[in-house]
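User: I would like to go through this model with you and ask, for each label you use, what it rests on. Please set each value against the cut-off that decides it.

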Amino acid sequence: MADGTPRSEFVAEQLADRLYIIDARNRIERQILLDWIHATSVDPGGEGAPMWVSLAIADDDHALDLDALKARLAGDPARTVVPLRVAWRIPGFERDRALKFRHLIFGDPRRPGPLRARFILWRDRRRAQILVGEAATQTELKARYLAQTGGGDGCEEGSSEFAGFVARQAGLALDVAERGIRGSRYKVPRFVADSLRTNPKFRAALADLAGQLGRPVADLYREARPLMKEVISTPSALFLDLRARLDRMMFGGYAPEMEVDAAELAKLRSVLREHPTAILFTHKTYIDGATPSRLAYENDLPMLHSFGGANLDFAIMGQFFRRSGMIFIRRSFQDQPVYKLVLRHYIAWLLAKRFPLSWAFEGTRSRLGKLMPPKYGLMKYVLDAAHATGTQGVHFVPFVTSFDLIRDVEEYAAEQTGRTKKPESLAWFIGYMKSLKEPSGRIRLDIGDPVVIPEAPAPDDRRALERIAFAVAVEANRVTPLTVTSVMCLILLGTAPRGVTEAEMIATIARITAWARERGIRLSRELEGGDAAALAATLDTLVEGGLLTRFEAGSETVYSIDPAKHPMASYYRNIIAHHFLDRAMIELALFELRDADSKDSTAAFWTRIDRLRDLFKFEFFYPPRGEHLAALEAELERIDPAWAKRLASGDRGVAQLIRRCQPMVGHAILLPFAEAYSVVADILARARPGDPVDEKMLLDAALIEGRQAWLLRRISSEASIGKLLFANALSQMRHMGLAETATPDGLRARRALLVELRGLANVMESMRLATLALADRLPGSGE
């Protein structure tokens with residue numbers, strides 16, 4: 001009966017056994033519902049007149065007057081409670097969800113005030129649709145109350161707790177009925193504070209805390225009440241529509257439709273419906289946090305609760321974000337046990353009620369393009385909440401957004417190379433929003449397989465937390481696709497300063513996509529389908545956006561990247577670098593063997609692999625060593641099924657393996673890291689005995705020395721100059737014991753590392769030259 005259409009008339013005897021809870025916000029709605037009740041009875045006005053009580057349940061920002069309901073509930077326990085509500089239909093609005101400025105002034109048209117309701121009825125009475133929620137007897141409601149609350153103040157006659165519970169159940173039943181006509185995107189949490197306050201687990205936890213603190217439990221209840229108001233978000237349909245419109249505005253420069261696999265979307269819908277879920281998105285730009293919420297809204301999925309710092313909870317913006325589903329969290333609350341308890345049980349309540357959560361699990365935007373190390377804070381809050389309340393089967397779903405162009409990348413490049421970053425201000429914000437209107441290509445969404453947590457680990461189990469976060473990161477990397485932008489940057493940075501002809505570009509893209517397809521690596525739609533028109537359109541966008549340069553005046557069209565844009569291009573290249581890491585390590589190890597005099601090539605090869613794995617351990621997520629070696633062997637098998645025999649045969653077999661490594665990518669993937677590390681190693685190697693290592697001074701000096709090395713061409717590109725690259729280099733040298741106060745032995749080890757890194761860079765330069773030597777022999781070149 002969710003559509004409000006009565007299936008049959010009610011006879012007088014049946015009416016006497018019914019209690020209607022009328023969810024009416026004003027007398028107009030109350031009269032509509034009463035008219036409907038009487039119109040559906042056989043004996044209107046007789047002795048069997050229906051029993052009803054009117055409550056404004058839909059407006060849950062105020063306490064309900066429950067006196068009348070308490071009196072009505074004192075009757076026959078077999079009486080059926082039937083909730084009713086008016087749903088105001090706005091056909092044009094609901095079809096297009098066309099939020100207008102007037103709706104912000106006059107209010108949500110789906111919740112009209114008395115005067116507006118009269119006007120709507122005057123124009124078309126059919127727009128007032130009766131909703132009939134799922135009915136239940138008082139006996140069933142009492143049993144449900146006992147099961148959910150443990151009894152509270154009891155179910156005895158005149159109980160305010162039980163009356164409030166019945167009102168909430170009526171509201172929830174009507175919300176379910178209303179979603180049947182409006183959609184799941186408007187599923188919002190209701191009566192959260194009351195549900196928490198009456199929850200047995202919350203009561204028990206508060207009582208335990210009172211015992212630990214030596215304070216009366218009533219004091220903790222009073223302290224918890226304003227904290228609930230601070231923490232709990234209060235989303236509404238109007239603000240969800242407003243947020244959706246803001247999301248669409250932010251993506252104005254991109255293609256109107258986001259690309260997402262239908263099967264992955266269907267799987268996500270099932271996960272959200274059946275399991276407590278958190279969507280963890282990778283963070284590349286200011287706006288990628290809006291893609292999960294936009295996807296949910298446009299595909300009628302339940303709204304996502306996102307997290308924000310309490311510093312954002314101010315004035316108008318704080319109210320907007322709270323009403324559109326944001327949960328504001330204090331920066332620090334270690335010494336605030338009541339706040340911690342409220343937050344923990346609120347998160348657990350959302351999970352249990354299947355309200356999905358969402359946040360950037362890297363904590364901050366990646367400035368290099370690679371996945372950042374996970375931040376554990378929010379994941380720990382969620383897992384602690386699940387552990388404390390016994391919530392099982394939490395699903396962490398990795399979510400990757402790929403953009404043809406990211407407007408933030410120029411800012412990141414400026415930060416990393418030491419150039420002054422524009423301060424964030426109103427003028428900056430206006431400029432940034434304006435930049436989002438410039439043509440930026442497509443947006444693609446990839447949804448990973450859930451990382452399922454059957455039982456949450458104990459709060460002090462740090463290793464379990466790290467394993468879960470690592471699993472999410474690995475899955476996010478797995479579903480990151482190759483895009484035209486990332487592949488073009490990989491190709492052109494690998495040949496720089498030389499460009500590539502259009503024929504060379506097409507041939508190389510074809511080889512890379514074939515290589516990726518064989519390994520099950522995801523491809524963007526243009527790459528997967530080989531759509532020449534779509535590829536050309538994306539290239540036009542990249543050229544117009546200034547990332548690529550296209551020279552068309554000569555006999556052949558040539559693509560290149562301006563050296564000043566290398567830091568920007570390296571960002572896009574780094575997004576997919578992990579897919580090529582195994583291949584890059586194999587190529588580099590083989591080239592090192594080519595120039596070495598090794599009697600046992602097989603042993604030397606695996607020794608070099610282990611060294612590369614250790615050297616760049618602060619840059620990439622490696623699987624356990626055994627799994628990683630198996631993956632490397634599988635890659636060698638694809639390169640040449642006879643790899644083991646050739647490797648064991650020495651120099652000739654190594655040369656044969658190198659010829660089969662086409663196209664070569666090792667130098668394009670690993671050279672920036674080796675060069676950046678060499679800059680830091682050079683500074684440390686020039687220290688004097690007794691000199692300490694000051695991190696800030698060293699990183700500042702590295703920016704200067706890196707610029708000098710670039711001008712002297714000791715490093716090949718400005719893409720090797722970056723604060724984070726230098727910081728990771730310092731972390732690696734600390735790991736190797738080379739960043740302590742300088743000693744003669746330590747200085748010798750630093751110089752040895754510098755020689756090793758420069759040697760690696762020289763090997764990769766020979767790889768680049770070998771790649772260029774093959775350019776004219778690529779299919780299509782010169783034809």
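Predicted model: local features only at pLDDT ≥ 70, side-chain atom pairs only at ≥ 80, totals over all residues.

User: Why is Asp335 called exposed?

Analyst: A residue counts as exposed when its relative accessible area is over 50%, and because Asp335 has 74% relative accessibility, it counts as exposed. As for its place in the fold, Asp335 and Glu633 are 298 residues apart in sequence, and their C-alpha atoms are 51 Å apart in space.

User: Is Thr485 buried or exposed, and how do you know?

Analyst: Thr485, which lies in helix 21, has a relative accessible area of 0%; since buried means under 20%, Thr485 is therefore buried.

User: What makes the pairing of Thr485 with Asp404 a polar contact?

Analyst: A polar atom of the Thr485 side chain lies 2.7 Å from the backbone oxygen of Asp404, and the cut-off for such a pair of N or O atoms is 3.5 Å, which this distance meets. With neighbours within four places in sequence left aside, Thr485 is in contact with Asp404, Leu542, Leu547 and Tyr572.

User: Why is helix 25 described as largely enclosed by the rest of the structure?

Analyst: Helix 25 spans residues 566-575, and ten of its ten residues are buried, so the helix is largely enclosed by the rest of the structure. Among the buried residues of helix 25 are His566, Arg573 and Asn574, as well as Met568 and Ile575. The buried residues of this helix pack against helix 18 (409-416), helix 21 and helix 31.

User: What makes a group of residues a nonpolar core, and which members of the largest one touch the most others?

Analyst: Members must be buried residues of the nonpolar kinds, joined through side-chain atoms within 4.5 Å. The largest such core has 134 residues, of which Leu482, Phe605, Phe616, Leu670 and Met733 touch the most other members. Helix 31 gives the largest share of this core, 14 residues. Taking Leu670 and leaving aside its neighbours within four places in sequence, one finds it in contact with Leu581, Ala584, Met585, Leu588, Phe616, Phe620 and Met764. In soluble globular proteins, nonpolar side chains tend to be buried together.

User: How many cavities are counted, and what makes a space a cavity?

Analyst: A cavity is a space where a 1.4 Å probe fits but cannot get out, and eight cavities of 30 Å³ or more are counted by this rule. The largest cavity has a volume of about 260 Å³, and its lining consists of 21 residues, with Ile491, Thr495, Thr508, Pro663 and Thr771 nearest its centre. Helix 21 (484-495), helix 22 (502-518), helix 31 (666-685) and helix 34 (744-773) are the elements that give two or more residues to this lining.

User: Which classes of residue make up the lining of the largest cavity?

Analyst: The lining of the largest cavity divides into twelve nonpolar, six polar and three charged residues. The second largest cavity, of about 190 Å³, is lined by 16 residues, and Leu240, Ser293, Met303, Leu304 and Ser324 are the closest to its centre.

Methods. Residues numbered from 1 in each chain as written. Heavy atoms only, no water. 1 Å grid on protein atoms, 1.4 Å probe; cavity = no way out; pocket = protein on both sides within 12 Å on 5 of 7 lines; lining within 4 Å. Points joined across faces, edges and corners; volume = space filled by probe spheres on them. Helix = DSSP H or I, 4+ residues; strand = E, 2+ residues; numbered from the N terminus. Nonpolar A, V, L, I, M, F, W, Y, C, P; charged D, E, K, R; others polar. Buried < 20%, exposed > 50% of the residue type's maximum accessible area, 1.4 Å probe, protein only. Contact = heavy atoms within 4.5 Å. Polar contact = N/O pair within 3.5 Å; in protein donor to acceptor, adjacent residues only side chain to side chain.
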